[in-house]
Each structure stands twice: as C-alpha cells, then as structure tokens.
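I opened my notebook to look up a few helix contacts and a ligand site. Here is what I went through.

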Amino acid sequence: MTSVRLAALDAPGLALDAVVVGLTAGKRDGKPELPASSGLGVGERKRLLDAVGKVAPKARAGDVIKIPGVPGIDASLVIAVVMGADVDELTPEHLRRAAGAGTMSISDLDRVGVIMPGSTPADVAAAAQGAALGAYRFESFRGTGTPRPSRGPKTITVLTESHRDRHVREAVRQAEIVSDEVCRARDLVNTPPSALHPKELAAAAIEAVAGLDVTTQILDERALKRGKFGGILAVGQGSVNTPRLIRLAYRPARSKVHVALVGKGITFDSGGLSLKPPGAMETMKMDMGGAAAVIAATAAIAKLGLPASVTTYAACAENMPSGTAQRPGDVLTTYGGRTVEVLNTDAEGRLVLADALVRAGEDAPDIIIDVATLTGAQIVALGTRISAVMSNDDDLRDDVVRSATMVGEQFWPMPLPVELRPSLDSSIADIANIGDRMGGMLTAGLFLQDFIAEGTPWAHLDIAGPAYNESDPHDYTPKGATGVAVRTLVQVVRDLADSHTA
Ligand code: BES
Ligand code: MN
Ligand code: ZN
C-alpha cells in the first residue's frame with residue numbers, strides 16, 4: 001500500500017524522486033497556468049511554466065508532461081498534469097484525477113511529491129487520495145520469467161502550505177483510509193478466479209476487518225443448507241468450490257442509523273449451463289466486485305469510526321456448468337420461501353442476492369443498499385464509466401447520486417417501471433429469473449425488489465461496467481479492477497449518519 005504524508009513545500013531533506021504538479025487551463029486559451037494557491041513562489045512558478053512551454057508548447061487539458069530537472073524544484077523529474085478546468089472551476093475531483101494521472105504515469109520511482117492548487121482540507125485530501133489511487137499496481141501474479149514491469153510510487157508526500165492544519169491532517173488521514181480500502185477491493189477483483197473461490201473471499205473479508213469493531217460470521221455450504229438459502233446453493237451447486245454467505249456487523253457505541261450492505265460475490269461467472277461465449281468470460285473474475293466493494297467499505301467505515309451501524313452481506317458462489325449444476329427450468333426456493341423458476345443460469349447474481357436481501361431484512365435495518373455487477377444491459381445503457389442506481393425510494397436514490405458525486409464517482413438514477421414486472425411472471429413458480437430483455441437492467445432491479453419488504457427503503461447499484469476497466473488507464477483509474485462503489489458507500493453512510501444527527 002502506498003503511504004501518504006504531508007510536508008511543507010520547503011521542508012528540508014524530503015529527497016523526492018519526482019514531483020507531480022497540477023496546472024489549470026487558462027480561461028480563454030486553455031493554456032497551462034499555475035495558480036498561486038499551489039503554494040509555490042512566483043519565481044518557481046514562472047520557471048516551471050517556462051519549462052512546460054519548452055517541452056510541450058501545445059500542452060492542453062488532459063496532458064501529462066514529464067520534465068527533467070526544473071530549476072527551483074528539488075526533484076530530478078517534474079510531472080506536470082494539465083487539468084480540465086480553470087482556477088475558478090476547480091473541484092476536488094479535478095485535483096484527485098490530476099494527482100492520480102501523475103502517479104499513474106510514474107514508473108520505478110519510489111518517493112513522489114504532489115503539488116496541487118488549493119489548501120483546504122477537501123482540496124488536500126482529494127490530491128492525496130487521487131495520488132494514492134493512481135499509484136496502485138497489481139503485481140502479485142508476476143513471475144520471474146520476464147523483466148518486471150514498472151513499479152508504482154511507494155510514498156506520496158503532499159506538499160502544501162497547510163501541512164500543519166489539524167483539519168487538513170484529519171481529512172488526509174480519512175482519505176487515505178478510504179483509498180486503502182478502494183485498493184483492497186481492486187486487489188480482490190484482480191485476483192484470478194483460481195485463487196479466489198468463495199472460501200478465499202470469506203477469508204479475505206475476515207482479514208479485512210481483523211482488529212476492528214466488527215463481528216464476522218461465515219455460513220458454509222452445510223450452514224446454507226441448514227438455513228435454506230436456496231438461491232446461493234443453486235448457483236453454487238455446479239462447482240466443487242462451495243458457496244459462502246459472509247456477514248459482517250459493525251455496531252459502534254454511538255449509532256444514528258442502521259444500514260445493510262449487500263454485495264454480489266460470484267467469484268467466477270461462466271454463465272453455468274447457459275454458458276457464456278469465451279470472450280464474455282474473460283473478465284468474469286470481476287463478478288464479485290459488489291462483494292469486494294461492500295467488504296472494503298465496511299472496513300473503511302469501521303476504521304473511520306462512523307456513528308452508523310452497518311450489517312454487511314456478501315453472497316458468494318462460483319457459477320459453473322457441470323453434472324451437478326442447476327438447469328434452465330429448475331425451480332429453487334430462496335431464503336424465506338419465495339420460489340424462482342431459473343430459465344437462464346447466467347442470470348445468477350439476482351439469485352444469490354435474493355437470499356442475501358431477505359436475510360439482510362431480518363436485521364431490521366433502516367436502509368438496504370445492494371451492489372452488483374448485475375447486467376450487461378447496464379453497460380449498454382450507461383457505458384463503462386457511469387454506474388446505475390435504482391430504488392424503491394426516490395429520496396434515497398437521489399441521496400446516493402449526491403453522495404457519489406461528492407466523492408467523485410458517477411452514478412445515474414434509473415427507474416423501476418412497474419410495467420416491466422409482469423415479464424418476470426413464471427407459469428409455475430412465484431417469479432422467473434429472466435424477463436424483458438429490453439431494459440434488462442431494470443427488470444433485474446425489479447426482480448430484486450420482490451425480495452425487499454414493503455416499507456424498507458432500498459437502493460440497488462448496478463456497477464457492471466465501471467467495476468472493471470478493460471481500456472487503458474485514465475486519471476486515477478487503472479486497467480482492470482477499479483474499486484468502484486467503495487467511496488460512494490462510505491459517503492452514503494457518512495451522510496446518513498450526519499443527517500440523523502441534525
Ligand atoms: N455478471 C453478469 C453481468 C455482467 C456482464 C457483468 C458483463 C459485467 C460485464 C451477469 O451475471 C449476467 O450474466 N447477466 C446476464 C443476464 C441475462 C441472462 C438476463 C446479462 O446481462 O446478459
Ligand atoms: Mn451471469
Ligand atoms: Zn454474473
């Protein structure tokens with residue numbers, strides 16, 4: 001994990017290998033500028049902008065410019081990142097992205113400084129968090145055969161005038177807790193499916209909250225049978241790697257609100273007997289991204305000591321085809337007794353979630369939020385960078401969008417149109433697991449809604465696209481797992497706790 005610290009711009013003995021500097025884009029011409037609020041002196045700013053002009057005379061928003069040896073800056077490499085905003089438009093997310101694009105571009109340099117405009121707690125924390133997220137690399141599975149690819153930065157030092165400010169230090173400490181947990185979620189999602197079965201995911205959840213004020217309970221296959229968790233069992237029955245239901249409970253002394261978090265934890269989704277084509281399977285280790293997000297968010301919430309009770313469920317199974325796999329046409333009985341006709345074994349996420357949502361309801365939470373890489377239709381609707389949020393409560397849905405925006409994640413409100421519900425009717429069971437293909441993300445949401453008690457506010461987050469970046473890295477988002485939804489969940493719980501104080 002990359003560590004983060006704060007220092008004054010003129011602190012002696014920093015021995016930095018590189019410094020990332022955020023530039024704004026001039027209001028009229030888009031030319032790079034260096035605001036005074038970066039804390040650099042007039043002379044240093046002029047020398048740096050001159051150097052940028054020489055190396056990249058046409059530099060514009062989005063560019064990352066590497067400059068060796070800028071006079072007055074005590075590091076052999078300066079990485080100037082031009083943000084897509086002028087100094088008046090800057091948001092924390094601009095700072096987060098620029099700092100992350102800077103650290104993302106660095107290879108084989110350990111100690112990296114970050115200089116960004118702004119010195120408020122929110123500004124400095126965003127720079128720190130972006131830098132840490134951009135410094136992430138996943139290297140556990142590199143062998144010794146080929147030369148190792150580049151290493152990421154080891155320590156981030158945010159250079160700021162406000163390095164002594166108590167509020168700044170606290171905001172940075174909190175931002176680092178969250179970015180560490182985003183990186184935990186990324187690690188879990190990036191881990192190959194042969195190394196992360198439901199059993200290993202359960203062990204990782206226990207490890208994530210070790211030493212925190214969180215109790216853990218793991219239901220293995222025997223316990224799931226005893227408890228009649230028919231959805232999780234049916235999805236898991238085709239695999240030799242048996243399913244698990246993970247439960248984490250955080251109960252702080254001062255608690256304003258009780259939130260249940262539920263995550264889809266399919267450690268590999270082959271589609272089951274409704275087998276996916278090979279190409280569609282390539283990334284299906286990521287189908288536990290919802291589980292990773294709720295586990296990591298719970299750890300972050302406990303580390304931050306937020307005054308909210310959180311009960312977290314991760315419904316984990318491997319969806320495989322075999323002689324013991326469930327068949328299209330099977331009817332299963334979910335936890336609580338509702339029956340489902342399984343017409344397509346590739347619509348498995350909603351089956352494991354059905355059990356977990358009903359179980360979560362038994363804890364009588366004020367709110368339930370589930371997170372899942374649930375549908376390809378989510379990606380068709382919103383692409384790979386914007387997640388969807390559906391809810392039985394318009395206020396909660398808007399709250400999720402607002403909290404997400406505050407932390408720089410993109411969620412967009414989507415409806416749960418009742419007209420689509422009849423398409424899920426089964427001729428022999430209470431509900432079928434597939435309905436209208438058009439609006440497939442919404443039918444999936446409507447399916448889940450059947451497992452929510454009337455009167456319990458519930459939000460469903462479909463992160464199928466944003467959970468995994470198959471394209472090139474951008475900003476602080478690497479290739480592969482992104483850790484999406486961790487920051488949003490933490491902020492939602494924080495905001496709910498705050499609103500219950502007032
Ligand atoms: N895990 C997939 C959804 C998915 C697809 C996530 C692509 C990320 C990228 C899910 O289990 C699935 O297969 N959904 C089906 C549902 C359909 C059979 C109703 C889908 O979206 O095609
Ligand atoms: Mn599937
Ligand atoms: Zn799936």
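My entries below go pair by pair through some helices and then turn to the ligand.

**Before starting.** I note that this is a predicted model.

**Entry 1: α9 and α14.** I began with helix α9, residues 289-304. Its partner here is helix α14, residues 486-501. I read an angle of about 45° between them, with the axes 8 Å apart. Angles from 65 to 115 degrees would count as roughly perpendicular, and those under 35 as roughly parallel. α9 and α14 are therefore oblique to each other. I logged their crossing as right-handed. Next I listed the residues that touch. From α9 I have A293, V294, A296, A297, A300, I301 and L304. They meet V486, L489, V490, V493 and R494 of α14. I sorted this contact by type: eleven residues are nonpolar, none is polar and one is charged.

**Entry 2: α12 and α14.** I stayed with α14 and looked up helix α12, residues 394-406. The two axes come within 8 Å and cross at roughly 115°. This crossing is right-handed. On the α12 side I found V400, S403, A404 and M406. On the α14 side I found T488, Q491, V492 and D495. How do the residues of this contact divide? I noted four nonpolar, three polar and one charged.

**Entry 3: α10 and α13.** I moved on to helix α10, residues 349-362, and helix α13, residues 440-449. Their axes come within 9 Å, and the crossing angle is roughly 30°. That makes α10 roughly parallel to α13. I put the handedness down as right-handed. R350, L351, L353, A354 and L357 belong to the α10 side of the contact. A444, F447 and L448 belong to the α13 side. I sorted these residues too, into seven nonpolar, no polar and one charged.

**Entry 4: ligand 1.** Which residues come nearest to ligand 1? There are 17 residues around ligand 1, and the nearest are K276, D287, D346, E348 and G376. I then looked up polar side-chain atoms for three of them. For D287, I found such an atom 2.9 Å from a nitrogen atom of the ligand. For D346, a polar side-chain atom lies 2.8 Å from an oxygen atom of ligand 1. For E348, I wrote down 2.8 Å, again from a polar side-chain atom to an oxygen atom of ligand 1.

Definitions and conventions
Residues are numbered from 1 along each chain as its sequence is written. Chains are lettered from A and ligands numbered from 1 in the order in which they are written. This is a predicted model: local features need pLDDT of at least 70, side-chain atom pairs count only at pLDDT 80 or more; totals for chains, interfaces and linings use all residues. Side-chain values use heavy atoms; hydrogens and water are left out. Axes are lines fitted to C-alpha atoms, for helices over the stretch in contact, and angles run from 0 to 180 degrees between N-to-C directions. Helices (H or I, at least four residues) and strands (E, at least two) are DSSP runs, numbered from the N terminus. Angles under 35 degrees count as roughly parallel, over 145 as roughly antiparallel, 65 to 115 as roughly perpendicular and the rest as oblique. A crossing is left-handed if the near helix is turned anticlockwise from the far one by less than a right angle, and right-handed if clockwise. Contact means heavy atoms within 4.5 Å. Ala, Val, Leu, Ile, Met, Phe, Trp, Tyr, Cys and Pro count as nonpolar, Asp, Glu, Lys and Arg as charged, and the others, Gly among them, as polar. A residue is near a molecule or strand if one of its heavy atoms lies within 4 Å of it. A polar contact is a pair of N or O atoms within 3.5 Å; within protein, one must be able to donate a hydrogen and the other to accept it, and residues adjacent in sequence count only if both atoms are side-chain atoms.
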